[in-house]
Amino acid sequence: LKSLLRWSFIGLLISSILVFLGGCGFKDIEKRFFVVSIGVDLAEDGPKKYLISLKLAIPAVNDKPSEFIIVSQEADTITEAVRIIKTKVDKEIDFGHAKVIVFGNDIVNQNMPPNLYYWFTRRRDIQKIAWVTIGKPNALAVLKVKPKFEEHPSNALFLSLGGEGSETAYLMSEFLFDMKKKFKEKGLDPILPIIEAKKDIFIINTVGLFNKKRMKLRLGPEETKLLNYFTKNGRKGAVQVTQDKKTFLIDVQKVKIKYKIYTLKGKTPFIKVTADLTGRIEEANFPVENDRISSYERAAEHIFSKELKKLLVKIQKADVDPIGFGLRYRAHHFNKDDWENWTRIYPEIDFKVQAKVQIEDTGLIE
Amino acid sequence: MFINMLVNVIIFVPKTLIEYRYDGAIMGILLSIPIGLLLSFLYSKAFSKFPGQGLPDLLADSKHHRLKLLHLASIQVLWFSAGLITLLGFIDILSRFINPEAPKLVILSIYLAAICLIIQLPTKKVMDFLEIVLVLNAPLITFIIFKMFTSNYLNWDSILEVGTHIFEWPNLQTTAAATYVFSGYTNIIIFNRLFKEKVKSRNFIVVLVLGLFNLFTTFFIPIGFHGADGTQEYLYPWITTADSLRLVFSPIERVIFLFLMLYMSISLMSVVVHWHVALELIKGTFKDAKNKKKNRMVVILFVVMSVAGVLFINSTLLIKLTVFWFIFRFGSEIIVVVLTFLWSRRRTA
């Protein structure tokens, strides 16, 4: 026991010394600048390629709304830009709270070199759960927006992208790790939400679809909503049904889309998509009759499946695969040349969409 | 014994398995289950003949002193290096993710201070300590794994895509890595001193289920999160996966810090168990086991070796070394187990 005591004493002594030593490694919080969002743009007519902007939060002083500064630097690489930006500020730059990464619209419309997104995943201090977005007209403009209702810098973006604040079906947020996966995974292509910067408000209701190199297709709000139904994170929206000048809207309670790929010999391969939608009527420009609900359902099914098919064909024509049909095909086939087969099949594959709409009730009004 | 399973979730086993995900990793996993179970069954069968005795006690009255020395020494090296690899790997992770500014040696010395203290305790106390750590950590780890399985970002198609490569021939690297998960049973050579009863066959079913679940979790969750084609790009797939999970309503949104905190104690315990066994084995080779001076010399040797390891081995080299070590361990484990089993059959208790 005596030796044990002595050992533990020595151990304590060593560790207490080490605790003090370890303190040197840390920088105090008032000697750090926290980056809240990062913007990557093409440099405008300069010798350098990119314009990197960091939005730094200035810690709030009592009862004052918090402020931020944006430091930008033109450089050929992100690393170089960050190093130069460090010389422009007096405190150490900390990426631990960088939660939004914005790529400028121009940068995604041309072939993106992989280092642009690998830099973020390679850095150990950038969260893999940072959201990646496209900024319109450019990333810097998005960073500059300061909504009046925002309490902390970039907090408005965090809330809407995270879906904790407003919940909308027109937004498909994307995490950094998920984007990197989709850039690499054969048969599943990235989708990034597009943030439009208005004077002091954001509009996020469109998405850009990528192939493995660049943005190929931009979906409008309605198409974004439909595409969102395919993902599990999809939130509910409303479906508009118009037939013979009669229009009604279904508030979607639940939607579930399944798909299966059929490649039968001698037939053109097709993807069977079944969509189950449950909802209630929210608005109509005609008197709604309860005993005709099933005919409303038929009409809704017809329109919904037509819209879905139109979207799928549009995506197929752009030769992108954001839903992951290709990956599904690979996952269900044991051949070595799955992927080669699929690249041959996909351009000519047929979509058979079957929607099933169930209107639960007509709201509080009969 | 399950600590081996737990600690291997994160560092090297998944890295090796994911590296060969299209080239027989799944078959390797499937193959490792019967191998691992058979070996652990044989070994515990051999030792259940001698309840309450560890390997050094059994060999104490051996006439072939040289042979005994060789036997014990080879196992010691194996155990010590097992602990060392875990230690080096985790030190690397810590210095990367917690405090990159602090020198690795500082982190190492904090660890070593704790380790040196614990490994010299009696076996019973080490066991108790292990249990406490497990009880504290296991529920939270189960929770994290549950959250991962239910995450929307876990892509089952990616998992299935890797699953379609099931008919590839297994290779040595993956089988060796996968069986390492099961090799916690070998600690029985010292911990048998505490076991008065025989190991029940029910326990093997538990080991089977846990091992199966563990291997598939460790292999498939990173693949589900980071894709069939992209996962191998990460240096530590599991740490990155923990960083990819978002707990919206927890005090800390990023799971990585919770995960690292849990694994700090688990990896500590893993190193402690390995080094405790190694130390006890070395004690067994001394003529007078109570010699304190010699024990202290051994501990100092451990410290020196790990300091040297931190100084000279970087993470890329460590991963390469580990694969060789897995294979080496796999081979020697089979030899040791089979020989011990045969020997124990001949010897009457």
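Tutor: A salt bridge here is a side-chain nitrogen of Lys or Arg within 4 Å of a carboxyl oxygen of Asp or Glu. By that rule, A:Asp178 and A:Lys181 form a salt bridge, at 3.5 Å from N to O. Please bear in mind that this is a predicted model.

Student: Where do A:Asp178 and A:Lys181 lie?

Tutor: Both belong to helix α7 of chain A, and three residues, about one turn of the helix, separate them.

Student: Are A:Asp178 and A:Lys181 buried or exposed?

Tutor: Both residues are buried. They also take part in a network of salt bridges that links A:Glu174, A:Asp178, A:Lys181 and A:Lys182.

Student: Which side chains meet in a salt bridge at 2.9 Å, one from each chain?

Tutor: B:Glu233 and A:Lys184 do so, with 2.9 Å from N to O.

Student: Which elements of chain A give two or more residues to the side that touches chain B?

Tutor: They are α1 (2-22), α4 (115-122), α7 (176-184) and α10 (325-332) of chain A. The most comes from α1(A), which gives seven residues.

Student: What is the area buried between the two chains?

Tutor: About 4,000 Å² is buried between chain A and chain B, and carbon and sulfur atoms give 54% of that area. In chain A, the residues that lose the most area to chain B are A:Trp7, A:Arg124 and A:Phe177, which together account for 17% of what that side buries.

Student: How many residues does each chain bring to the contact?

Tutor: Chain A brings 46 residues and chain B brings 46 residues. Across that interface, 15 residue pairs are in polar contact, with both residues at pLDDT 80 or more.

Student: Back to chain A. Which residue pairs with A:Asp189 in a salt bridge?

Tutor: The partner is A:Lys212, and the closest N and O atoms are 2.9 Å apart. The pair links distant parts of the chain, 23 residues apart. A:Asp189 sits in the loop between α7 and β7 (191-197) of chain A, while A:Lys212 sits in the loop between β8 (202-210) and β9 (215-219).

Student: Why does A:Asp189 count as buried?

Tutor: A:Asp189 counts as buried because its relative accessibility is 7%, and the cut-off for buried is under 20%. A:Lys212, at 27% relative accessibility, counts as partly exposed.

Student: What else does the side chain of A:Asp189 reach?

Tutor: It reaches the backbone nitrogen of A:Asp321 at 2.9 Å. Leaving aside residues up to four places away in sequence, A:Asp189 touches A:Lys182, A:Phe210, A:Asn211, A:Lys212, A:Val320, A:Asp321 and A:Pro322.

Student: What about A:Glu92, which residue does it pair with?

Tutor: A:Glu92 forms a salt bridge with A:Lys86, with the closest N and O atoms 3.4 Å apart. A:Glu92 counts as partly exposed at 26% relative accessibility, and A:Lys86 likewise counts as partly exposed at 30%.

Student: Let me change topic to chain B. Why does the span of helix α7 of chain B agree with what it should be?

Tutor: Helix α7 of chain B (residues 123-149) has 27 residues, so at 1.5 Å a residue it should span 39 Å; its end C-alpha atoms are 37 Å apart, which agrees.

Student: Where does α7(B) bend?

Tutor: It bends by about 35° at B:Asn137, and a proline, B:Pro139, follows within four residues. B:Asn137 is among the buried residues of this helix, which also include B:Leu130, B:Val133, B:Leu134 and B:Ile141.

Student: Finally, how many helices and strands does chain A have?

Tutor: Chain A has 11 helices and 13 strands. Its C-alpha trace spans about 80 × 65 × 55 Å along its principal axes. Of the 366 residues in chain A, 50% are buried. Among contacts in chain A with a separation of 6 or more, 67% are between residues 24 or more positions apart.

How values were computed. Residues are numbered from 1 along each chain as its sequence is written. Chains are lettered from A and ligands numbered from 1 in the order in which they are written. This is a predicted model: local features need pLDDT of at least 70, side-chain atom pairs count only at pLDDT 80 or more; totals for chains, interfaces and linings use all residues. Side-chain values use heavy atoms; hydrogens and water are left out. The expected span of a helix is 1.5 Å times one less than its number of residues. The bend at a residue is the angle between axes fitted to the seven residues ending there and the seven starting there. Buried means under 20% relative accessible area, exposed over 50%, partly exposed in between (1.4 Å probe, protein chains only). Contact means heavy atoms within 4.5 Å. Buried area is the accessible area (1.4 Å probe) that two parts lose on being put together, summed over both. A polar contact is a pair of N or O atoms within 3.5 Å; within protein, one must be able to donate a hydrogen and the other to accept it, and residues adjacent in sequence count only if both atoms are side-chain atoms.
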